[in-house]
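The exercises below ask the reader to work through ring pairs, nonpolar cores and a helix contact, each with a solution in steps. Please look at the sequence and the model before starting.

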Amino acid sequence: MSHKFATLKMRQIHRNPNQPRKAFDEDALNELAESIKQHGLLQPIVVRKVAEGYELVAGERRFRANELADNITIEAKILLPDGESAISDMDSFEKAMAENLNREDMLPLEEARGFKKVLDEKYEGDPACVAKVAKTFSKSVQFVNQRLALLALRPEIQAAVDLGHIGTQAAVQIAALSKENQKAVFQDWKKGDKSDNQLVHIAYAMRKQEKAAKQDSMVDVEEMTPEEQAERSRAQAKTKSDLDAIEGMWALLDSIAKADPMELARTLAGEVGKRLEQMDRVADVVQKARFQLRQAKAHADASEIMVNPDAAAPDLVAEAEAVLAQVDPAAGDAEPEAQTEPAPAADADMEAEAAPATDAETESPAEPEGDAEAVPVAEPVAVAA
């Protein structure tokens, strides 16, 4: 698309009503205004010709800061139509999105609504065209799908995500839950004792339990027979006994941990490498067992939350609701726009454990390497139109 540069009067330029970015940090705008006063505008805004003057395409933040600096003119890059065709509203919107996507302070839900607008208006909401949307903005399909998944969240959770209180990876998992369970997990989160990583795994466990409950409702669930009850009791006793035995190995491992390395080398003369490999195997299995217990804890927490969805909790949502009203006044009572089915998360900096190809949808979060509690990264997900 061709263009030309010109100095325009501020009053000639109209803001774009479809600007994808709605929230602007006032302190940052004032800092930029001071910089413009001292050094001038280092990058021109982008505009297109409309019936009455010019419409802002990209550079809303620079335009606002130039207003704060009390300048009556501004340097602009004017987009020129190719041939007889005018620059469309979608062309203008995509350019505004492209510029703002590269800014760290564009909110996740602003990005989500922008992607949804392009998908709906340019591709008639076809989920198969998510890849085209991703290519338009030089983003991965996974990134776009994760943002689109956020639109399935309850409004108060969307606001908490935009405020940075809940990470996007946790939000993607929460978005896959029913609205009632979204509310339940949010109420539990407001108590302030859950990390983002814990929230990811609890939400994923809740989703699995939702599916299990739905399947159970389709069949007659028979009472366990005495033989099955006895087998369950034996399995419980064995698992507890095994864990107690592992706890008893702590003293043995502690003695090795406290040993002098040089003395160990002399004691294990000729076998250091062999014994290290032995310990690595033990550590690997302990790590896997620990991860499974963490998953079990997530399921236990999920069950408690689902059983008590209206548990009392401090009201920390007021700030989120205020921001939501400021960003999108109509969103407070609106239903989320899309319901997604996110793939299971895999912890970043952790090696994913291979899952059966036939059960990808119910794969558990990946097994960690080491003790780091990193935020999981979800796989690409399908997006409903």
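**Exercise 1.** Determine whether Phe186 is buried or exposed, and classify the ring pair of Phe186 and Trp189.

Solution. Phe186 has a relative accessible area of 5% and is therefore buried, where buried means under 20% relative accessible area, exposed over 50%, and partly exposed in between (1.4 Å probe, protein chains only). Trp189, at 14% relative accessibility, also counts as buried. The next step concerns the rings of Phe, Tyr and Trp (its six-membered ring), which pair if their centres lie within 6.5 Å, with planes under 30 degrees apart counted as stacked, over 60 as edge-to-face and the rest as tilted. Because the centres of the Phe186 and Trp189 rings are 5.3 Å apart and their planes lie at 20°, the pair is stacked. Phe186 and Trp189 are 3 residues apart in helix 9 (residues 179–189), and so about one helical turn separates them; helices here are DSSP runs (H or I, at least four residues), numbered from the N terminus.

The model is predicted, with local features requiring pLDDT of at least 70 and side-chain atom pairs pLDDT 80 or more, whereas totals for chains, interfaces and linings use all residues. Residues are numbered from 1 along each chain as its sequence is written, and side-chain values use heavy atoms, leaving out hydrogens and water.

**Exercise 2.** Classify the aromatic pair of Phe115 and Phe143, and locate both residues.

Solution. A search of the whole structure gives 3 aromatic pairs. Phe115 and Phe143 form an edge-to-face pair, with 6.2 Å centre to centre and 85° between the planes. This pair links distant parts of the chain, since Phe115 belongs to helix 4 and Phe143 to helix 6 (residues 141–149), 28 residues apart.

**Exercise 3.** Which residues touch the most other members of the largest nonpolar core?

Solution. A nonpolar core is a set of buried Ala, Val, Leu, Ile, Met, Phe, Trp, Tyr and Cys residues joined through side-chain atoms within 4.5 Å. The largest has 47 residues, of which Phe115, Val133, Leu153 and Ile166 touch the most other members. A second, separate core of 11 residues includes Leu8, Ile45, Tyr54 and Leu56.

**Exercise 4.** Describe how helix 4 meets helix 7.

Solution. The axes of helix 4 (residues 108–123) and helix 7 (residues 155–162), lines fitted to C-alpha atoms over the stretch in contact, with angles from 0 to 180 degrees between N-to-C directions, come within 7 Å and cross at roughly 115°. Pro108, Leu109 and Arg113 of helix 4 make the contact (heavy atoms within 4.5 Å) with Gln158, Val161 and Asp162 of helix 7.

Methods
Helix = DSSP H or I, 4+ residues; strand = E, 2+ residues; numbered from the N terminus.
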